[in-house]
Amino acid sequence: MNKKILSAALCISLIAFSSCSKIIKEIKVEEKTHTIGFAYSGKTEYAYVERYKSIKEEFSSHDSDTLIILDAKGNDQRQHEQIELFIQKNVDYLIIDPIYEGDWETSLSRLEYVKIPYIFVGNTVKRSSEVNLYSIMPNYSKEVEMSFDVLDEQIRRLGNASKKTDVCIVRDYSDATSNKERTFSIMDEISKRNNWNLSSLRSSVDSAEGIPAQVFEDNVSFYIFFAMSDKIADELIKGIWAAGGIPGSQSLVVCYDASPDVRRFHQSGELAVSVSSDTNVGLKLYEIIRKMELMESVHEKNYMESMVSFSEE
């Protein structure tokens with residue numbers, strides 16, 4: 001009798017264990033779902049569009065994620081209103097592609113109050129308080145360092161290594177991090193070269209195509225133009241020809257965030273150096289969010305890391 005009871009009890013235990021194991025397995029394979037907001041600037045330059053595509057494709061490929069994209073279409077006020085909409089939707093994470101660096105105090109304070117983790121991509125923003133911002137940006141100093149290595153070699157081939165070299169930096173009119181960081185890095189590299197001189201720092205609001213004629217009036221024998229976008233590089237090359245110069249001979253053009261359309265100028269020698277950022281940003285963002293998820297509380301810990309570079313190295 002006892003044997004039968006023991007056998008029945010063992011059978012029930014095995015069934016219970018089997019059922020329990022099945023439940024545990026189901027719990028383990030169940031992946032936590034997330035709603036991720038993406039506040040897109042709406043900028044149409046190549047680098048911004050490629051980052052947009054990468055983020056959309058990566059997060060759309062995971063069934064566990066719901067990606068909500070709101071496009072500010074270049075309107076700063078609209079972007080901040082969309083941040084508020086993401087707060088109301090109570091998204092789990094927020095990816096921000098900022099239009100401008102300033103006037104973010106209110107929006108970020110709101111995000112921190114409701115404890116929504118946010119990550120900046122491409123550019124970062126200014127804060128009056130010492131708050132760590134999680135950002136994924138190109139390694140601007142590395143980009144510039146690499147471009148100068150190529151320039152040095154080209155200048156030697158042209159026989160201008162010992163001659164005075166004047167530099168013109170042409171930026172767009174935004175306060176984007178890329179503008180400032182690349183400019184600082186270029187100026188730092190110039191300071192390391194005895195015969196290099198920064199003679200002009202311009203904004204494309206002046207029309208980049210007309211800038212070469214203005215700088216060539218100084219009768220400098222050799223110029224290097226640094227363009228902060230493919231559109232500016234395109235206009236500079238046209239302007240050099242219009243001013244009677246020969247791109248790649250009397251002057252060199254360097255382009256950052258270059259698109260394939262501008263890189264074609266390499267074949268003709270009109271473009272000296274082009275630098276393009278790695279567009280695999282979406283995967284890096286996905287990995288970072290998974291990493292943040294493992295922390296007990298993102299906002300109670302310092303989750304700032306060194307800037308993650310997606311520049312080609």
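This report describes selected helices, loops and residues of a predicted model.

## Helix α2 and its buried side

The buried residues of α2 are A47, Y48, E50, R51, S54, I55, E58 and F59. They cover an arc of only 165° around the axis, which means that they lie on the same side of α2. The exposed residues E57 and S60 are carried on the face of α2 that is turned away from this buried side.

The partners of the buried residues of α2 include several strands, namely β1 (34–40), β2 (65–71), β3 (93–96) and β4 (118–121), and the packing also involves helix α11 (281–293).

## K56 within α2

K56 also lies in helix α2, and its relative accessibility of 40% places K56 in the partly exposed class, for which the limits are 20% and 50%. Not counting residues up to four places away in sequence, K56 touches L67 and I69. K56 and F38 are 18 residues apart in sequence, while their C-alpha atoms are 8.8 Å apart in space.

## The pairing of α3 and α4

Two packed helices are described by the angle between their axes and the distance between the axes. For helix α3 (residues 76–89) and helix α4 (residues 105–113), the angle is about 5° and the axes are 10 Å apart. Angles under 35 degrees count as roughly parallel, and α3 and α4 are therefore roughly parallel to each other.

On the α3 side the contact is made by H80, I83, E84 and I87, which meet S107, R110 and L111 of α4. Sorted by class, this contact of α3 with α4 has 3 nonpolar, 2 polar and 2 charged residues.

## The two faces of α4

Which residues of α4 are buried? They are S107, L108 and L111, and they cover an arc of only 90° around the axis, so that they fall on the same side of α4. These buried residues pack against α3, β3 and β4. On the face of α4 turned away from the buried side are the exposed residues T106 and Y113.

α4 is followed by K115, which has a positive phi. The value for K115 is near 60°, in a residue other than glycine, and K115 is placed in the loop between α4 and β4. With a relative accessible area of 52%, K115 is exposed, the cut-off for that class being over 50%.

N90 likewise has a positive phi, near 55°, and is a residue other than glycine. The loop that holds N90 runs between α3 and β3, and a relative accessibility of 54% means that N90 counts as exposed.

## K238 in α8

Helix α8 (residues 230–242) is the place of K238. At a relative accessibility of 44%, K238 counts as partly exposed. Along the chain K238 and E270 are 32 residues apart, and their C-alpha atoms are separated by 9.7 Å.

Key:
Residues are numbered from 1 along each chain as its sequence is written. This is a predicted model: local features need pLDDT of at least 70, side-chain atom pairs count only at pLDDT 80 or more; totals for chains, interfaces and linings use all residues. Side-chain values use heavy atoms; hydrogens and water are left out. Buried means under 20% relative accessible area, exposed over 50%, partly exposed in between (1.4 Å probe, protein chains only). Helices (H or I, at least four residues) and strands (E, at least two) are DSSP runs, numbered from the N terminus. The arc is that of the directions from the helix axis to the C-beta atoms. Contact means heavy atoms within 4.5 Å. Axes are lines fitted to C-alpha atoms, for helices over the stretch in contact, and angles run from 0 to 180 degrees between N-to-C directions. Angles under 35 degrees count as roughly parallel, over 145 as roughly antiparallel, 65 to 115 as roughly perpendicular and the rest as oblique. Ala, Val, Leu, Ile, Met, Phe, Trp, Tyr, Cys and Pro count as nonpolar, Asp, Glu, Lys and Arg as charged, and the others, Gly among them, as polar.
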